[in-house]
Amino acid sequence: MKDTYFTGYKCIDCGKTMHSTGIIYLCDICGKKYKVGEPLIGVLEAYYDYDKIGEEWEKCDKNLSNLLQLFSPVAVEYFPEIPVGNTPFYQSLRLSSFLQNKGMNLESVWIKNDALNPSGSLKDRASYTMTAEAKKLGVDKIVTASTGNAASALAAMAAAAGIKAVIFVPAGAPPAKIAQIKIHGAELIKVDGDYDKAFAQSLEYTAKHGGLNRNTAYHPFTIEGKKTVSLEIFIQNNYKVPEWIVVPVGDGVILTGVYKGFADLKRAGITDKMPRLLAVQADSSDAIVNYWESNKYRNAIKPDTIADSISVSAPSNARWARKLMIETNSKGVLVTDEEIMTAQKELAQTTGVFAEPAASASLAGLKTALKNGIIQPTEQTVLLITGHGLKAVNFNL
Ligand SMILES: *Cc1c(COP(=O)(O)O)cnc(C)c1O
Ligand SMILES: [Zn+2]
């Protein structure tokens, strides 16, 4: 098996292919049209030698570490030693019977608990791959703008890799996530303004001081990192692709990562099926679901949700998210804060899983989809739990 079968990039907007062994972000043509405060233009999709991967997979032990290596853009030797991913995946009969008691039929509901990553969220997957890329390139620092989990994850992974992390945090980031950034020794730069301002400052910083920028979807390997959750689900589900995966959506990068993992498997001929995705957004942070439904993009008008991790005005990856939803016949639903809080409690009390509000939106969205007949009772459905409840505790329960 080779170190990596990664071959290059393709722009999701103009289709231009690019090759680079150095630092690369957006398409060199489309990226020029991007303005801060709007979704990214010219996000790059990583490509692999899929024929070779298919051949290798036929020959090797069909286990998780081989699958991860085949589809990794960075050789295994560069990853920090801290284990990331390989999180629990299991059927929840209790959740099935709970739903049934509420008049919703779903025989096969599964939990993929990514809250059990080292820093407590799925974001560790992206930061893990990005620190490996930084090691490979020999850069001494990684820079990001984030309101929370991407920052906590980068701080933890950079610490594990022995690299400096510089993190721009907008006003209003939750205290537990700030504490994580500090405890791991990252340089925390508080920004007087919103995420867009933090994003702009992080770009100015890397332009001036160098380092690798980990902003979500801006670097294509953030998506490659997140796709590993799908490679795991495929193995853990006995080499089968589920019918539905329920994904809470802010910037749309987890959604894209989940899609990309299965798309890569399909391109290599390892499966011929794609799952459908249920994209769940908070009703005040609805830019992607609205774009998918109306085919006309606008920013969310006033994001104001308890689910801080999915509170986004201009989702970075809105363009690709809409494309993949149409390609896979996926669906989008909106949920209220009240539905999210109810779902958080129901999940905690029927399964023992304490998810942060954004992650609890999965269950809230699933209930909506069942009530509306979007998901059928016999379809295998995976609830993706993206972040831990201890990150955003409500002390007034
Ligand atoms: C980041 C995040 C999301 C949403 O991911 P996007 O890529 O922004 O769509 C959902 N849940 C949690 C817990 C997160 O941290
Ligand atoms: Zn382009």
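Q: Where do I start with the sheet of four strands, and what is its order?
A: Strands of a sheet pair through backbone hydrogen bonds, either parallel or antiparallel. Here the order is β8-β7-β6-β9, an open sheet with parallel pairing. Both β8 (187-191) and β9 (212-213) have a single partner strand, so one side of each is left without a neighbour in the sheet. Strands are DSSP runs of E, at least two residues long, and helices are runs of H or I of at least four, numbered from the N terminus; two strands pair if DSSP finds at least two bridges between them.

Q: Before we go on, what kind of model is this?
A: It's a predicted one, where local features need pLDDT of at least 70 and side-chain atom pairs count only at pLDDT 80 or more, while totals for chains, interfaces and linings use all residues. Residues are numbered from 1 along each chain as its sequence is written, chains are lettered from A and ligands numbered from 1 in the order written, and side-chain values use heavy atoms, leaving out hydrogens and water.

Q: How many bridges link β6 and β9?
A: Two, and β6 (residues 141-145) pairs with β9 in the parallel sense. One to look for is I142, whose bridge partner in β9 is L212.

Q: Which strands does helix α7 lie across?
A: Contact means heavy atoms within 4.5 Å. Helix α7 (residues 195-209) lies across β6, β7 (164-170), β8 and β9, at about 155° to β6. Axes are lines fitted to C-alpha atoms, for helices over the stretch in contact, with angles from 0 to 180 degrees between N-to-C directions.

Q: What about the sheet of six strands?
A: That one is open with mixed pairing, in the order β4-β5-β13-β10-β11-β12. Its edge strands are β4 (89-91) and β12 (331-335). Inside it, β5 (residues 109-113) runs parallel to β13 (residues 381-385), joined by five bridges, and K112 stands opposite L384 in β13.

Q: Now the ligand: which residues are closest to ligand 1?
A: "Near" takes a heavy atom within 4 Å. Ligand 1 is surrounded by 16 residues, the closest being K123, N149, G250, G252 and T386. For polar contacts (N or O pairs within 3.5 Å), an oxygen atom of ligand 1 lies 2.7 Å from a polar backbone atom of G252.

Terms used:
Polar contact = N/O pair within 3.5 Å; in protein donor to acceptor, adjacent residues only side chain to side chain.
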